[in-house]
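User: I am new to this structure and would like to go through it by question and answer. Could you take me through some of its side chains step by step?

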Amino acid sequence: MLRAFVLWPVLILLSGVSALADARMSVLVDVLRLPEAARILSDEGLNHAQELNKDMLDGQGGLGWQVQVERIYEPALMVEMVRAELEQELAGAELEEVIAFYASDLGAEIIQLENAARKAIQDPDVEEAARARYASLEDSDDARLALIAAYIKSGDMIARNVTSAMNSNYQFLRGLVDGGAIEMSEEDMLKDVASDIEESTEDTTSWLFGYLLLAYHPLEDDGLRDYLAFTNTSAGQALNRALFAGFGKAYEDISYALGRAVALNMTAEEL
């Protein structure tokens, strides 16, 4: 009885610590505006799904396809997966450092600009203009381009984006295979994905530079330098790892589910 009595306050204390950590993580999710970002990415995915409907289902997916893809691209699921990675990577002083940065005027402005640009670049004309802007500056000594390049390098963003894209493409093929739409061996799927690495790297580089030049255009150089300094801190690097891991896993799940959904509709049409 004595031991139980002694341990009881400890259990209460541990529960309180856990609740506090959970609350602070909720604050981080809020200052990063992850639900808003997830909705933007969901809309982007739904547009992609309509292209799949046209290219792989002859536009015959109908209402059933729409319902399926809306479930697949559920924004709340993306947020949950990213939050799980944030909890793995950030705690204590580093968590507070990230919260403090994104709760600041500069941090809040950066999130707003990134989300607005991600939404805008869904328009093909905006994307074309953004890529053209990068092409006009590529290999030049433009100071803003140099800052963007340093930012991309600090997060190893090109390699991480390419890896994420390849993993997602593999999962999409696996979904098609498991759904009975196509026949491919594991080796063939891996070869198919690997064959696109050079093209994927070039496309990712053009898109990423174009997007970031668009997003950060309103920022003063000093603000961008301050942001770059933050991304190179231990806390900034941990945040970057968590975001890539979380969204990467989310897109792998989405891609597999999308492949299965395409296969389901393809085989249903055959029946």
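Predicted model: local features only at pLDDT ≥ 70, side-chain atom pairs only at ≥ 80, totals over all residues.

User: Which side chain of opposite charge is nearest to glutamate 114?

Analyst: Glutamate 114 belongs to helix α6, which covers residues 105-120, and it is buried yet has no salt bridge. A salt bridge needs a nitrogen and a carboxyl oxygen within 4 Å, whereas the nearest side chain of opposite charge lies 9.2 Å away. That side chain belongs to arginine 118.

User: Which residues is glutamate 114 in contact with, leaving aside its neighbours within four places in sequence?

Analyst: Once those sequence neighbours are left aside, the contacts of glutamate 114 include Ala215.

User: Is the ring pair of tyrosine 102 and phenylalanine 230 stacked or edge-to-face?

Analyst: The whole structure holds nine aromatic pairs. In the pair of tyrosine 102 and phenylalanine 230, the ring centres are 5.7 Å apart and the planes stand at 85 degrees. Planes over 60 degrees apart count as edge-to-face, so this pair is edge-to-face.

User: How many residues apart in sequence are the parts tied together by tyrosine 102 and phenylalanine 230?

Analyst: Both of these residues, tyrosine 102 and phenylalanine 230, are buried. Tyrosine 102 sits in helix α5 (residues 92-103) and phenylalanine 230 in helix α12 (residues 221-231), so the parts that their pair ties together are separated in sequence by 128 residues.

User: Is tyrosine 227 buried or exposed?

Analyst: Tyrosine 227, in helix α12, pairs with tyrosine 216 from the loop between α11 and α12. Ring pairs also link both of them into a cluster with Phe101, Tyr102, Tyr151 and Phe230. Because buried means under 20% relative accessible area, tyrosine 227 at 3% relative accessibility counts as buried.

User: Which helices does the salt bridge between glutamate 85 and lysine 249 tie together?

Analyst: The closest N and O atoms of glutamate 85 and lysine 249 are 2.7 Å apart. Glutamate 85 is buried, with a relative accessible area of 14%, while lysine 249 is partly exposed at 42%. The two residues lie 164 residues apart in sequence, so their pair ties together helices α4 and α13.

User: How many residues apart are aspartate 222 and arginine 225 in helix α12?

Analyst: Aspartate 222 forms a salt bridge with arginine 225, with the closest N and O atoms 2.9 Å apart. Aspartate 222 counts as exposed at 54% relative accessibility, and arginine 225 as partly exposed at 42%. Both lie in helix α12, about one turn of the helix from each other, and their spacing is three residues.

Notes. Residues numbered from 1 in each chain as written. Heavy atoms only, no water. Helix = DSSP H or I, 4+ residues; strand = E, 2+ residues; numbered from the N terminus. Buried < 20%, exposed > 50% of the residue type's maximum accessible area, 1.4 Å probe, protein only. Lys, Arg positive; Asp, Glu negative; His and termini not counted. Contact = heavy atoms within 4.5 Å. Phe/Tyr/Trp six-rings, centres within 6.5 Å; stacked < 30°, edge-to-face > 60°.
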